[in-house]
Amino acid sequence: MRYLTAGETHGPQLTAIIEGFPSNVTLNFEDLNFQLHRRQKGYGRGRRMQIEKDTATIAGGVRHGKTTGAPIALVVVNNDWKHWTSVMGIEPVEEDSEGKRRVNRPRPGHADLNGGLKYNQKDLRNILERSSARETTMRVATGAVARQLLAEFGIKVAGQVIRIGDVEAQRQELPIDELIRLTEESPVRVVDKDAEAKMIAAIDAAKEDGDTLGGIVEVIIEGVPVGLGSHVQWDRKLDGKIAQAVLSIQAFKGVEFGIGFEAAERRGSNVHDEILYTEETGFRRRTNRAGGFEGGMTTGEQIVVRGVMKPISTLYKPLQSVDIDTKEVFTAQVERSDTCAVPAAGVIMENVIAWEVANAFLDKFGGDSIEEIRANLNNFLKQVESY
Ligand code: EPS
């Protein structure tokens, strides 16, 4: 499977095409839009989220509620476009037109300057419009489609915020359905109520100061069979693919699995997961410090991934920058933005990881229809059982 996205943050619409999705999968449009709505929630977002009410339209690949195997085309309209038709219009305009809202003061931390130099654009709006995290709408839409394939096989996805700024949530071991329910009720997607209040206060304080906050989110996937991914080639290791997907989310700077970076401090005996066997459960691990991967393949335990998001680069009290015309020192341009998007980033991370897992699932059990995939999976599970 593969997908591409297109569209600008203040353009008419966002578009995605999914290629290679199997046939006969029932697509639940409510579930798809529920993922888009989850991404728009979260304490700390700006005014833009009151303007947009993201809803996906399917423009290909689905008939009478089921996929046909043809490319799936997804469209999300930008409601804000009506305010930006002259700024973002397709038609040519005068070079020095006021209506262009030209950006010539690159914002530190954004793609503005590198993109301007690379694509030889003297209006940095041509860079920021595409580099904007608005694009993650389509990453969630494509992931939400993949997630429905995973759900057919009982695979569940959850996410929780672990840290915002200097506030860390107490991590609690909960059944996955409970974790999904409790995080959904929280405006910052944490279970720990004490941390929730402190995170909200930290976001308010950062907003007051014209500043922004980053954090850490954790995604858990349960019900994945053993053996997705492969040890035999570097680009078939599924943990590697998930890491790439997470780091490709706007503003993500780090990723870890299981105990992650903590493994550096511990002895091996306190890092690796002992292997157990019973007739009932088959092979299991006593612990899951590896976060569900050994040798680039799933162990069958929960996949546990954490990602680090840096604070959003657009600051209402901007940092120093240089005017690209005059080369004079200025404070960077202010564009409307969010104070903290960590809760939304958790939703994005869930869905991009769901995509990677679904893709690896199809690599292993591939077939053109859901029936063929199910037969392949059942064969493999029988083989594992009698191993
Ligand atoms: C973003 C800036 C803000 C965010 C936007 C991402 O948009 P605007 O510049 O229109 O205020 O709200 O996020 C979304 C629109 C979204 O759907 O997530 C940026 O610069 O990345």
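Predicted model: local features only at pLDDT ≥ 70, side-chain atom pairs only at ≥ 80, totals over all residues.
Let's start with a cut-off: a residue is called buried under 20% relative accessible area, exposed over 50%, and partly exposed in between, using a 1.4 Å probe and protein chains only. Residues are numbered from 1 along each chain as its sequence is written, and side-chain values use heavy atoms, with hydrogens and water left out.

Lys198 has a partner. Side chains of opposite charge can pair when their charged atoms come close. Here a salt bridge means a side-chain nitrogen of Lys or Arg within 4 Å of a carboxyl oxygen of Asp or Glu, and Lys198 makes one with Asp194 at 3.3 Å, N to O. The two sit four residues apart in helix H7, so about one helical turn separates them. Helices, by the way, are DSSP runs of H or I with at least four residues, strands are runs of E with at least two, and both are numbered from the N terminus.

The salt-bridge rule gives a count of 30. Another of these pairs is Arg266 with Glu262, at 2.6 Å from N to O. Arg266 is partly exposed at 26% relative accessible area, and Glu262 is partly exposed too, at 36%. Elsewhere, salt bridges with shared partners tie Arg38, Lys41, Arg147, Glu184, Arg189 and Glu350 into one network.

Now look inside that network. Arg38 and Glu350 form a salt bridge whose closest N and O atoms are 2.9 Å apart. This pair links distant parts of the chain, with Arg38 in helix H1 and Glu350 in helix H9, 312 residues apart. Both Arg38 and Glu350 are buried. Arg189, another network member, lies in the loop between helix H6 (176–185) and H7. Arg189 is buried, with a relative accessible area of 5%, and has a positive phi of about 60 degrees although it is not a glycine.

Asn24 also has a positive phi, near 65 degrees. You'll find Asn24 in the loop between strand S2 (13–19) and H1, partly exposed at 33% relative accessible area.

Follow the chain into helix H1 (residues 29–40) and you reach Arg39, which is buried at 2% relative accessible area. An unreviewed UniProt entry places the feature "binding site" at Arg39 and Arg45; such annotations may be inferred rather than shown by experiment.

Cys340 is another buried residue, at 0% relative accessible area. Its place is the loop between strand S17 (329–331) and helix H9 (342–365). Cys340 and Val188 are 152 residues apart in sequence, yet 9.8 Å apart in space, C-alpha to C-alpha.

Finally, the surface. Patches take residues with over 30% relative accessible area and no salt bridge, joining like charges within 9 Å and nonpolar side chains (Val, Leu, Ile, Met, Phe, Trp, Tyr) within 5 Å. Asp204, Glu208, Asp209 and Asp211 make a negative patch. Asp209 belongs to the loop between helix H7 (193–208) and strand S9 (215–222). Ile275, Tyr277, Phe283 and Tyr387 form a nonpolar patch of about 540 Å², with areas from the Shrake-Rupley method and a 1.4 Å probe. Tyr277 sits in strand S11 (residues 275–278) and is partly exposed at 45% relative accessibility.

Notes:
Lys, Arg positive; Asp, Glu negative; His and termini not counted. Charge placed at Lys NZ, Arg CZ, Asp CG, Glu CD.
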